[in-house]
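Here are a few exercises to work through with the model open beside you. Try each task before you read its solution.

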Amino acid sequence: MIHKIKELLKETEEFSVKSAEELESFRLKYLSKKGEISQLFNDFKNVPAELKKEVGQEINILKQFAQEKFDQFKAVIEDSQTGTETLDLTRPGEPLELGSRHPISIVRNEIISIFNRLGFTVAEGPEIEDDWHVFSALNFPPEHPARDMQDTFFIDKANEILLRTHTSSVQVRVMQNTKPPIRSIFPGRVFRNEAISARAHCIFHQVEGLYVAENVSFADLKQTLLYFAKEMFGEKTQIRLRPSYFPFTEPSAEMDVSCSICGGKGCNICKYSGWLEILGCGMVDPNVLESCGIDSEKYTGFAFGMGIERIAMLKFQIKDLRLYFENDVRFLRQFKSAY
Ligand code: PHE
């Protein structure tokens, strides 16, 4: 019997396993209930009493060895099947989808970066405002028809608390709190009581610009806006200023850029005019400077305000304003590679 055990030990030592099938035949041959080692335990009862101790020890050594060998081979084979050696358990199970910036954010960041290069800083103001900051300080007289230009959402009519209808209210706050020179832009959300359609929305975004210092002229305004237009829409872009009216600027103008889609030749985006309207602007009315505590004899300034949706519409040819607020991933996904 000792001889048989030694033989089996040698066999198991020499046994090499390369596949799951071979591993299974190793198990069947040596370790299963009907295998060689179980057989030895069965035969053990016939071993003479004086040899039982020695034989028992040898069988146990064999059993332990075979089991260890089986476990080792099993680990190697499982590794090669699942690639455990190179499996990084800290990696995410599902690939992480990269998000993308909203087109409004892309365009807002670009506008900010262009004006940063001209030395404009960025400031923000509250979305919930009072009548004074949105209208009165901006030279809208109480019964002036200009107030009808912007349909306002009131939060508390008695106390004249409302959602700002334009970012010009931030001009007022900044002028009240800052000594000129002031050179800042104010991006933000604005609200108007409009029926929602492809061309109008009750929430949209503006960027306001303000430059107040000594000797600021309309020529400075024009040059600043020309620089902006070329940076935003390309070096070949031209601008055109048309006389307009805002209560808080005098003189006032609306600015068009040459159509970046057809290059000014005329297309359906510019309605065959070759020009696209992008912003309102003008020289800050002396009344506004005075309302905000700035000496209008000493200082002059220009201001402008543009709609971010409008610029994004032109840049990305988005034809429906509602798309900006629906958060449909099929829309948002298209800006993945934009920035
Ligand atoms: N606040 C104006 C609007 O919302 C835009 C504007 C800003 C015009 C600054 C002139 C100067 O339409």
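Contact here means heavy atoms within 4.5 Å. This is a predicted model, where local features need pLDDT of at least 70, side-chain atom pairs count only at pLDDT 80 or more, and totals for chains, interfaces and linings use all residues. Residues are numbered from 1 along each chain as its sequence is written, and side-chain values use heavy atoms, with hydrogens and water left out.

**Exercise 1.** Find out which residues Ser 197 touches, not counting residues up to four places away in sequence.

Solution. Start with the location: Ser 197 sits in the loop between β5 and β6. Helices (H or I, at least four residues) and strands (E, at least two) are DSSP runs, numbered from the N terminus. Next, list the contacts of Ser 197: they are Asp 320, Leu 321 and Arg 322. Last, look at accessibility, where buried means under 20% relative accessible area, exposed over 50%, and partly exposed in between (1.4 Å probe, protein chains only). Ser 197 counts as partly exposed because its relative accessibility is 28%.

**Exercise 2.** Work out how helix α8 and helix α10 cross, and which residues meet.

Solution. Two packed helices are described by the angle between their axes and the distance between the axes. Axes are lines fitted to C-alpha atoms, for helices over the stretch in contact, and angles run from 0 to 180 degrees between N-to-C directions. For α8 (residues 218–233) and α10 (residues 308–316), the axes come within 11 Å and cross at roughly 45 degrees. So α8 is oblique to α10; angles under 35 degrees count as roughly parallel, over 145 as roughly antiparallel, 65 to 115 as roughly perpendicular and the rest as oblique. Then pick out the residues: Phe 228, Met 232 and Phe 233 of α8 meet Ile 311, Leu 314 and Lys 315 of α10.

**Exercise 3.** Which residues are closest to the ligand?

Solution. A residue is near a molecule if one of its heavy atoms lies within 4 Å of it. By that count, 15 residues surround the ligand, and the closest are His 166, Ser 168, Arg 192, Gln 206 and Glu 208. Go on to individual atoms. A side-chain N or O atom of His 166 lies 3.0 Å from a nitrogen atom of the ligand. For Ser 168, a side-chain N or O atom is also 3.0 Å from a ligand nitrogen. Arg 192 places a polar side-chain atom 3.0 Å from a ligand oxygen. Ser 168 is also one of the buried residues of α7, a helix (residues 168–177) with seven of its 10 residues buried.

Notes
A polar contact is a pair of N or O atoms within 3.5 Å; within protein, one must be able to donate a hydrogen and the other to accept it, and residues adjacent in sequence count only if both atoms are side-chain atoms.
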